[in-house]
Amino acid sequence: MKLILATLLLAVVVGYLNGGRLSNLSHLRIRWAPLALVGFAMQLVNPPGDWPLVMLLGSFVLLSIFAIANIRTAGFAVILIGVAMNFTVIALNSGMPVSRQALIASGQADTLGDLVNDADSYVKHHLADGDDRALFLGDVIALAPPIAQAVSVGDFYTYGGVAIVIVAAMKRRPDDVADTVAVTEGALLPRRARDEVPSVSG
Amino acid sequence: MRAKLRSVNWRYLLYTGASLATLLFAAGARWKPKN
């Protein structure tokens, strides 16, 4: 939660420093947002058997589709790379491997027991061992307190991508919206150009 | 200032923020125990 809030706040601050405005963010059109919500909800339910893993993989499919649906918005290509990285390592290892060193270095040594003894409740993560593949994509990067989290390279891309989305959307001038193309008599013209076209009616 | 604040579409801003935060919650794979 701290990392998410810090990312959003930092992005807004950078957006302002970049000459952007928060009000411009309301011009951002995010497509198929319910996919992200459903994808998130799928990770919260914990049915018996292998279903949690199926739901986890399914949620990443939805999140990938969500990122692709918005790929034309600045930042979503970076988000897609991050989602793909996390998806890859989770699919390869039936969950995200978390390195013991990253846990200790991030000040979470006391949670080692959760990963080892309560694996059923934490299907998304497990303690990394020698059998895990593509471990470099796992949660191997330690963020020291007060953040105190172990994150993956894919997380950096995902968080960075969201920050780019916010900074770029804040920078967008209202004029850009006004210049949105308008269809006039079969031709696609910027509104300003359309206004300059002499009327042929009458 | 008040006019500026009024010009913001807060409902949509909230929708956008919630969408991005949800994405981060779901797509991020950082380790954070539930308790």
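A polar contact is a pair of N or O atoms within 3.5 Å; within protein, one must be able to donate a hydrogen and the other to accept it, and residues adjacent in sequence count only if both atoms are side-chain atoms. Between chain A and chain B, five residue pairs are in polar contact (both at pLDDT 80 or more). This is a predicted model, in which local features need pLDDT of at least 70, side-chain atom pairs count only at pLDDT 80 or more, and totals for chains, interfaces and linings use all residues. Residues are numbered from 1 along each chain as its sequence is written, and side-chain values use heavy atoms, with hydrogens and water left out.

**The interface**

Contact means heavy atoms within 4.5 Å. Chain A brings 47 residues to it, and chain B brings 23 residues. The side of chain A that touches chain B sorts by class as follows.

| Class | Residues of chain A |
|---|---|
| Nonpolar | 31 residues |
| Polar | eleven residues |

**One residue, S99(A)**

S99(A) sits in the loop between β1 (96–98) and α5 (100–105) of chain A. Helices (H or I, at least four residues) and strands (E, at least two) are DSSP runs, numbered from the N terminus. The side chain of S99(A) reaches the backbone nitrogen of A102(A) at 3.0 Å. Leaving out residues up to four places away in sequence, S99(A) touches A128(A), D139(A) and V140(A).

Definitions and conventions: Chains are lettered from A and ligands numbered from 1 in the order in which they are written. Ala, Val, Leu, Ile, Met, Phe, Trp, Tyr, Cys and Pro count as nonpolar, Asp, Glu, Lys and Arg as charged, and the others, Gly among them, as polar.
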